[in-house]
Amino acid sequence: MSEEELAKDLGLVSAMTIGIGTMIGAGIFVLPGVAVNADGGAGPIVVVSFIVGGVIAMVNALSVSELGTAMPKAGGGYYYINKSLGPMFGSIAGMGDWMGLAFASAFYSIGFGQYLAVFVDLPTIPGLNAIQVGALVAGSIFIGVNYIGAKETGGIQTVIVGLLLSILAIFSVAGFFSFDYATLAGNEGGLAPGGYGAILPGTALVFVSFLGYAKIATVAEELKNPGRNLPIAIIGSVAIVTVIYAILVTTMLGVVPWPELSQDAPVAQAAQVAFPESIGPITGVAGAAAAVMTVGALLATASSANASILASARINFAMGRDKIVTNWLNEIHPNYATPYRSILVTGGLIVVFIALLGQDIEILSKAASVLHLIVYALMNVGLIVFREADTPEYDPDFTVPLYPITPILGAVLSLGLVAFMDGIEIALSGAFVVAAVAWYFLYARDKTDQQGVLSEFIRSREGELPDQVVGAADAVAPTGTGAENEGPTIMVAVSNPRTESALITLAGALAQHEGGRVLATHIVTVPDQTSLETAAENRTGLDQSSEELLAEAAADAEAFDVPIETKTILSHRGIEEVFDAARTNDADTVVMGYGGTRFAGGRVEGSLDELTHDLPCDFLVLDGQRLDLSDVLVPTAGGPSSDLSAEVARALRDTLGVDVSLLYVADSGEEESGREFLAGWAGGHGLADADLRVETGDVEETIGRVGGEYSLVIVGATERGLLSRIVRGSLAFETIENLDTPVLLSERPSARSLWERLFGGR
Amino acid sequence: MTSTDETDERDLLGHVLLPVAHEDDALATARALEPYDPERVTALHVVEKGEGVPDKTPVEQSEELAAESYAAVRTVFPDADEHTAYARDIADAIFDAVDEVDATAIAYQSRGGNRLVQFLSGDLSMKLVTKSHVPVIALPREGSTE
């Protein structure tokens with residue numbers, strides 16, 4: 001088993017347990033009483049409100065499932081939105097998710113306090129009612145448990161949820177026997193005393209009971225077989241919970257007439273009525289049933305609050321990884337191995353929310369819902385962006401049915417439901433959104449280097465879209481590079497001690513010229529038969545050679561005034577890993593040896609063509625072992641790759657004092673226009689001081705003949721795919737290969753390939 | 001698995017398994033072991049898994065922590081090997097790792113804390129010394145009195 005596999009230990013049942021355990025909490029145990037009596041009495045119609053809530057949750061669950069299987073990463077909603085819509089919306093989503101969870105946890109704590117008050121007499125403190133006191137105690141315990149990281153075993157969690165479901169099932173059965181349709185419908189005003197218009201405001205109130213399914217996605221990286229288990233768990237838990245809610249609320253209202261339903265602990269009250277006072281000789285059954293329901297409510301709210309606090313730490317981690325918040329927040333406690341700072345900050349927010357807003361449970365529950373709904377809406381938009389931009393990395397195992405109707409519906413329903421909230425919750429959530437945007441511009445914009453797929457998409461279509469759109473995308477784009485260093489990253493793939501020094505010289509000159517840094521990597525190809533784990537364990541010998549090579553690289557780079565980092569990468573793949581490493585390290589230029597391109601060996605596969613047609617950054621491939629730079633020749637006919645050649649030549653001229661000559665091979669009789677072109681090109685590329693040469697004849701032959709006079713020839717790829725042809729050895733480059741002078745091949749991904757990448761195949 | 005009569009012949013410090021929790025802990029533990037000049041060292045980090053519930057920290061963060069810890073050990077023992085285990089029970093994972101890397105002893109440094117803290121976070125020291133099938137070396141804590 002690879003380490004990847006070992007880290008995955010959540011099966012389908014565990015995943016479902018997380019979803020159901022989080023959702024079944026204060027919402028169903030507290031809100032039915034509030035909802036039926038809301039706005040002068042909505043009445044039994046609230047059953048429909050719960051079902052509508054379930055439908056909205058289900059539409060969003062489909063989108064979360066698709067995004068989750070495409071990107072099983074810690075962070076969930078925040079991560080998808082940051083990746084698709086960029087860090088400004090990412091900041092909104094991260095803040096929204098985080099604050100939404102804090103509000104939800106405060107709400108769960110209040111729910112806990114309400115049921116606790118059934119058991120014990122809680123004191124009041126000036127400014128706080130008894131329930132708030134109970135909630136503060138409960139909230140502090142939840143925070144403490146997470147801070148210490150006291151482990152509940154997976155077994156216990158499953159048992160708790162199982163117990164909860166059984167308690168609710170028994171209640172439903174008992175309720176079924178005491179169910180009286182007259183109790184449900186026989187009150188003043190019938191089934192809908194407040195009219196059918198009360199349905200959606202009811203949904204707005206109870207939607208908090210459905211927050212939780214998205215938590216499964218925040219731990220997606222820990223799921224076994226996420227492609228299958230994630231959608232089943234998310235969609236399944238929403239379906240199960242919706243059915244449970246519909247049955248429970250109907251039962252409650254068929255047992256206790258709705259105007260009399262308790263606003264604090266309705267389930268305990270209904271149980272008291274539903275169960276007979278005595279069964280045979282046993283008396284006090286009803287009281288015991290109410291007590292059991294109360295214990296169930298306490299368990300349910302506690303597990304919801306716990307899961308939410310944990311999920312908020314995940315979101316903080318994901319935001320820290322993208323540098324939207326400081327990583328200080330995500331430090332791990334030395335003894336408890338918990339992200340204690342994140343938990344304390346979230347805990348502080350929960351305590352404040354309980355103390356300031358806990359008098360009115362509606363504000364807490366609705367604020368939690370509004371913030372989550374904003375995140376859901378953005379998530380649906382993000383899904384559409386991923387699909388439309390056709391990003392190659394975006395490859396979900398589960399896709400939403402009826403695209404694009406489902407995500408559009410999800411976004412519309414989510415925002416639509418927000419409209420049924422009250423002004424105060426919308427204002428409160430709006431304030432957090434504004435704060436998130438302000439945070440992005442004041443803090444995160446300079447730090448993060450994450451660019452959304454959306455802004456790439458807009459920028460690549462600059463010509464087709466109105467200026468305002470492009471301008472807006474630029475105005476909010478991140479300015480940070482993630483690294484301390486602001487300049488480009490020049491990645492060197494060293495593989496051979498003989499060529500190492502030449503490659504580092506080129507990279508060092510470039511990095512110094514551009515004010516960037518050098519990243520020297522040694523990619524060690526491990527045979528497929530050997531697992532990477534084994535290879536890593538037996539790497540003593542390998543480490544030594546690798547370390548020596550990289551140490552030499554570092555020493556060579558010292559000649560330049562640039563920061564250097566070194567890395568050894570173990571991989572089953574050869575050249576593909578170079579591409580991967582370039583992507584993951586955000587390299588701007590890759591410098592590698594000609595021999596290095598060969599280490600694909602016999603394993604040239606179909607995907608390689610695709611890879612090399614889709615360069616992640618500029619590539620410089622050196623054919624030659626030693627460099628003794630005094631003068632360089634740059635043959636050019638224009639084009640993006642020769643722009644790169646010019647940049648390299650400029651860097652060598654400015655840092656090493658190398659003389660630059662430019663060569664244009666013209667057809668005979670056209671020397672004059674050739675000279676004009678070359679002079680213009682030289683001026684346009686900051687090489688006006690270069691020696692200009694115009695020759696006639698066959699291009700390759702001329703380069704071969706003239707090149708011999710120089711210490712380096714820099715050849716730009718005149719067409720895309722040059723690199724792929726070198727790798728496969730199909731390029732007839734004999735003249736140049738036979739040249740004694742070292743040759744540097746440069747290839748820059750053309751604008752067209754980016755366009756193709758984004759719009760591929762359409 | 002090594003049978004007991006074979007262990008009789010083995011050098012106690014032939015191959016020391018060094019469980020480390022985080023960067024500082026790794027550095028302190030490695031420094032405490034340094035004077036005894038072990039022949040071979042394998043640094044072990046156990047990523048605590050929930051096995052049914054979400055972990056305390058994201059996997060990615062746990063693995064970062066492991067990498068930092070190994071790097072810290074290597075500042076003292078440059079040739080140290082590394083081994084990452086994923087388990088809910090840290091002590092059991094350490095014992096499994098002993099067999100996997102064929103270590104001759106476990107060297108660790110108690111992370112202290114009062115009884116309550118040790119009880120709550122699971123008393124690792126107690127489990128290590130009472131259940132191990134190879135010798136367990138308790139390294140002295142820096143600054144502790146004789």
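These questions and answers look at a predicted model.

Student: Is A:Ala651 buried or exposed?
Tutor: A:Ala651 sits in helix α27 of chain A, residues 640-656. A residue counts as buried if 20 or more other C-beta atoms lie within 10 Å of its own. A:Ala651 has 21 within 10 Å, so it is buried.

Student: Which residues is A:Ala651 in contact with, leaving aside its neighbours within four places in sequence?
Tutor: Take A:His513, 138 residues away in sequence. From C-alpha to C-alpha, A:His513 and A:Ala651 are 5.3 Å apart in space. The contacts of A:Ala651 are A:Ala509, A:Leu510 and A:His513.

Student: How are α6(A) and α18(A) oriented to each other: oblique or roughly parallel?
Tutor: Two packed helices are described by the angle between their axes and the distance between the axes. Here the angle is about 130° and the axes are 8 Å apart. Roughly antiparallel needs an angle over 145 degrees, and roughly perpendicular means 65 to 115. The two helices, α6(A) and α18(A), are therefore oblique.

Student: How many residues of the contact of α6(A) with α18(A) are nonpolar, polar and charged?
Tutor: On the α6(A) side, the residues include A:Ile92, A:Met95 and A:Gly96. On the α18(A) side, A:Phe432, A:Val433 and A:Trp439 are among them. The contact divides into 13 nonpolar, two polar and no charged.

Student: In what order do the elements of chain B run from the N terminus on?
Tutor: Chain B has six helices and five strands. Of its 146 residues, 42% count as buried. The order of the elements is α-β-α-β-α-β-α-β-α-α-β.

Notes:
Residues are numbered from 1 along each chain as its sequence is written. Chains are lettered from A and ligands numbered from 1 in the order in which they are written. This is a predicted model: local features need pLDDT of at least 70, side-chain atom pairs count only at pLDDT 80 or more; totals for chains, interfaces and linings use all residues. Helices (H or I, at least four residues) and strands (E, at least two) are DSSP runs, numbered from the N terminus. A residue is buried if 20 or more other C-beta atoms lie within 10 Å of its own, exposed if 12 or fewer, and partly exposed in between; C-beta atoms are placed from the backbone. Two residues are in contact if their C-beta atoms, placed from the backbone, lie within 7 Å. Axes are lines fitted to C-alpha atoms, for helices over the stretch in contact, and angles run from 0 to 180 degrees between N-to-C directions. Angles under 35 degrees count as roughly parallel, over 145 as roughly antiparallel, 65 to 115 as roughly perpendicular and the rest as oblique. Ala, Val, Leu, Ile, Met, Phe, Trp, Tyr, Cys and Pro count as nonpolar, Asp, Glu, Lys and Arg as charged, and the others, Gly among them, as polar.
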